[in-house]
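Here is a set of questions about what the labels on a protein model rest on. Look at the model first, then read on.

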Amino acid sequence: ALFAAGKDSSVIRFGVQVRNFADPKASEHFKCVDELIAHYESADKKVLILLVSANTQLQTNMKKKYGDKLVLPNGEPSGVIQVHDRAESRKGDSFKAMTDCSAEEKRDRQSMLDSARDVHLLSHTDIQIVSRDSGFGVLGGLSRPHKDPIMYKMHLGQDGPTPNCANNLAGDDLSVFADTWSGL
């Protein structure tokens, strides 16, 4: 559905990336989505929303709210495989030898494939609404070259009230994203 919509100029595709694993609503992200939906639908555009999030409760809640307008990477709510230092390979302060790493290798491989899929899917959206402290959504949004990328960085209450996204159809200036990454 996401790829077919790209050939239809009457469809606007939103890519929403939510980093917070615990927030079942992602209120700021979806406030922006709702404002943009109202704007584009009033201009007779159809809307398709891709949600990339590890939070299965958020996926379930947004699927109930948006129905067929919402697309999930796996087609239905699902978690992600996280790759990190594994507690099962530690014992106290010393590492225990792992005799069979095939299960860990399989998990790592699937995790990397899922991440690549999500970045690729985000690259096929027209507008991205991404979490403040995550480069993942930015990477996906900027992976496909386009003349004027439209991205919104959610402030998550850090910088005061979130402005109305429909009042800024060009999105946030890319310097906002560059400054975050550079620490300036």
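Q: Where is Ala26 found?
A: Ala26 is found in the loop between S1 and H2. Helices (H or I, at least four residues) and strands (E, at least two) are DSSP runs, numbered from the N terminus. This is a predicted model: local features need pLDDT of at least 70, side-chain atom pairs count only at pLDDT 80 or more, and totals for chains, interfaces and linings use all residues. Residues are numbered from 1 along each chain as its sequence is written, and side-chain values use heavy atoms, with hydrogens and water left out.

Q: What makes Ala26 count as buried?
A: Buried means under 20% relative accessible area, exposed over 50%, and partly exposed in between (1.4 Å probe, protein chains only). Ala26 has a relative accessible area of 2%. Ala26 is therefore buried.

Q: What is the phi of Ala26?
A: Phi of Ala26 is near 45°, a positive value in a residue other than glycine. Most residues other than glycine have a negative phi.

Q: Which value does phi take at Asp44, and where is Asp44 found?
A: Phi of Asp44 is near 60°, also positive in a non-glycine residue. Asp44 is found in the loop between H2 and S2.

Q: Why is Asp44 called exposed?
A: Its relative accessibility is 69%, so Asp44 counts as exposed.

Q: Is Lys25 buried or exposed, and how do you know?
A: Lys25 is found in the loop between S1 and H2. Its relative accessibility is 53%, so Lys25 counts as exposed.

Q: Which residues is Lys25 in contact with?
A: Contact means heavy atoms within 4.5 Å. Leaving aside neighbours within four places in sequence, Lys25 is in contact with Phe30, Leu58 and Met62. The C-alpha atoms of Lys25 and Leu58 are separated by 5.7 Å, although the two are 33 residues apart along the chain.

Q: Which residues is Phe30 in contact with?
A: With neighbours within four places in sequence left aside, the list is Val16, Lys25, Leu51, Leu58, Met62 and Tyr66.

Q: What makes a group of residues a nonpolar core?
A: A nonpolar core is a set of buried Ala, Val, Leu, Ile, Met, Phe, Trp, Tyr and Cys residues joined through side-chain atoms within 4.5 Å. The largest one here has 25 residues. Those with the most contacts inside it are Phe14, Phe30, Leu36, Ile49, Leu51 and Tyr152. Two or more residues come from each of strand S1 (11-18), helix H2 (27-42), strand S2 (46-53), helix H3 (56-66), strand S6 (127-130) and strand S7 (150-153). H2 gives the largest share, six residues. In soluble globular proteins, nonpolar side chains tend to be buried together.

Q: How do you know that Tyr66 is buried?
A: Tyr66 is found in helix H3. Its relative accessible area is 10%, so Tyr66 is buried. Not counting residues up to four places away in sequence, Tyr66 touches Phe30, Val33, Asp34, Ile37 and Ile49.

Q: What makes the link between Tyr66 and Lys65 a polar contact?
A: A polar contact is a pair of N or O atoms within 3.5 Å. Within protein, one must be able to donate a hydrogen and the other to accept it, and residues adjacent in sequence count only if both atoms are side-chain atoms. The side chains of Tyr66 and Lys65 are joined at 3.4 Å.

Q: How do you know that S2 and S3 pair?
A: Two strands pair if DSSP finds at least two bridges between them. S2 and S3 have two bridges, in the parallel sense. Leu50 stands opposite Val71 in S3.

Q: How many bridges join S6 to S1, and how many join S6 to S7?
A: Four bridges join S1 to S6, which run parallel. S6 and S7 are also parallel and joined by four bridges. Gly15 stands opposite Gln128 in S6, and the bridge partner of Ile129 in S7 is Tyr152.

Q: What is the strand order of the open sheet, and which are the edge strands?
A: The five strands run in the order S3-S2-S1-S6-S7, with parallel pairing. The edge strands are strand S3 (70-71) and S7, since each pairs on one side only.
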